[in-house]
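Hello,

Here is the structure I promised to pass on. My notes follow below it.

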Amino acid sequence: MLLQHSGFGIAVTGSGSCTPQVTLDNNGLSQMVDTSDEWIVARTGIRYRRLADDRTSLCDLAAEASRRAIEMARITPTDIDLIVLATSTADDLFGSASQIQYQLGATKAVAFDLTAACSGFVFGLVTASQFIRTGIYQNVLLIGADILSRWVNWSDRGTCILFGDGAGAVVLQASETDSLLGFEIRSDGTQNSSLNLAYKAQPKELIDGVSIGQGAFHPITMNGQEIYRFAVKKVPEVIEKAMFRANISVEEIDWLLLHQANQRILDAVAQRLTVPAEKVISNLANYGNTSAASIPIALDEAVRDGKVKTGDTIAAAGFGAGLTWGAAIFKWGR
Ligand code: COA
């Protein structure tokens with residue numbers, strides 16, 4: 001059943017993705033840190049990850065994923081009203097969305113970055129949808145893109161095995177029927193220290209009595225067990241809340257599309273929700289955890305493989321640093 005809205009409905013009409021060429025497998029990692037293919041596969045399900053080299057920018061990956069999504073939606077860049085870039089690893093701390101707007105030639109669009117770590121795509125979907133619901137914009141490009149390899153501590157075996165790079169994008173369009181059936185997004189800063197990519201300041205005295213903090217961002221730190229427990233508890237809850245808002249039962253979900261962090265998390269969440277394994281979309285073996293990019297990359301692959309078909313109902317959920325988490329239930333296609 002579709003919810004009735006006084007404003008405009010949303011259709012998800014195109015998807016695209018782009019990952020770097022360079023592949024690092026688990027055996028390669030075992031040359032760098034004390035680990036093994038068996039350990040990584042058993043604990044995470046990850047086998048390969050794609051890594052961006054020094055010539056590959058976040059904007060390049062994001063722009064290519066966007067072009068593919070725009071083509072699938074059968075619109076042109078000049079039709080786009082708004083670009084939302086969900087990322088934690090912008091090429092420029094001032095924001096990278098405007099650069100992508102330029103690269104695409106999306107001359108009419110306003111563009112901005114949104115940061116919510118691995119929940120970025122779901123938070124972006126909810127944010128972008130508000131502009132359509134209120135009738136302000138008709139065509140929105142939502143991108144999830146991250147190059148976490150820039151920020152991984154490559155000598156920390158607890159984290160370096162997990163992450164990869166990539167970009168995914170979707171086109172959202174105003175529609176008479178509403179395909180965004182329900183959502184719920186959440187934050188809890190009390191557990192913020194469980195997963196950080198934090199700025200550390202050093203005191204620097206400019207003149208007598210005027211001191212500032214100037215430093216650098218430090219590589220990712222994580223309490224893996226805390227994050228694991230958080231995900232397995234909170235993600236089913238937020239999906240159930242979104243299903244409640246959408247007024248649908250778990251049997252009506254065609255695909256469970258979780259942030260691709262760890263196969264054990266995917267399995268545990270599916271089990272709690274009683275979603276059968278064949279409805280769980282998983283491509284993390286090939287890409288690892290690509291942060292904000294993981295949901296749109298997995299969606300794009302499933303659409304292009306013919307798994308996800310027009311009218312299918314997808315329960316998507318992101319979770320990660322912040323801590324942040326959220327779910328959105330939507331139907332694929334026009
Ligand atoms: N290779 C081999 N051994 C490793 C290892 C690696 N890459 N990483 C950790 N270990 C060791 C630990 O040192 C520990 O050894 P000890 O028992 O001698 O102390 C042992 O394996 C178990 O470590 P533990 O941290 O309990 O493993 P785990 O089963 O919790 O798995 C993670 C670790 C990181 C895979 C898991 O906690 C996880 O996936 N958490 C969620 C992380 C996540 O998804 N983050 C991003 C969210 S957006």
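**Strand S4 and its neighbours**

Strand S4 pairs with strand S6 (residues 139-147) in the parallel sense, over 5 bridges. Helices (H or I, at least four residues) and strands (E, at least two) are DSSP runs, numbered from the N terminus. Two strands pair if DSSP finds at least two bridges between them. Leu85 stands opposite Ile143 in S6.

This is a predicted model: local features need pLDDT of at least 70, side-chain atom pairs count only at pLDDT 80 or more, and totals for chains, interfaces and linings use all residues. Residues are numbered from 1 along each chain as its sequence is written, and side-chain values use heavy atoms, with hydrogens and water left out.

S4 also pairs with strand S5 (residues 110-114), again parallel and over 5 bridges. There, Leu82 stands opposite Val110. From S4 the chain crosses through helix H4 (residues 97-104) to S5, a right-handed β-α-β crossover. Right-handed means that, with the strands pointing away from the viewer, the path from the first strand over the helix to the second runs clockwise.

Why is S4 largely enclosed by the rest of the structure? Because 5 of the 5 residues of S4 (residues 82-86) are buried. Buried means under 20% relative accessible area, exposed over 50%, partly exposed in between (1.4 Å probe, protein chains only). Leu82, Val84 and Ala86 cover one side, Ile83 and Leu85 the other.

**Helix H6**

H6 (residues 224-246) has 23 residues. Its first and last C-alpha are 32 Å apart, close to the 33 Å expected at 1.5 Å a residue. The expected span is 1.5 Å times one less than the number of residues. H6 bends by about 25° at Lys234, and Pro236 follows within four residues. The bend is the angle between axes fitted to the seven residues ending there and the seven starting there. Buried residues in H6 include Phe230, Val235 and Ile239.

Most residues other than glycine have a negative phi, and most peptide bonds are trans. Asn247 is partly exposed, at 44%. Ser291 also has a positive phi of about 60°, but is buried at 3%. The Gly322 to Leu323 peptide bond is cis, with omega near -5°.

**Asp300**

Asp300 is in helix H9 (residues 294-304) and is buried at 3%. A polar contact of 2.6 Å joins its side chain to that of Ser15. Such a contact is a pair of N or O atoms within 3.5 Å; within protein, one must be able to donate a hydrogen and the other to accept it, and residues adjacent in sequence count only if both atoms are side-chain atoms.

Best wishes
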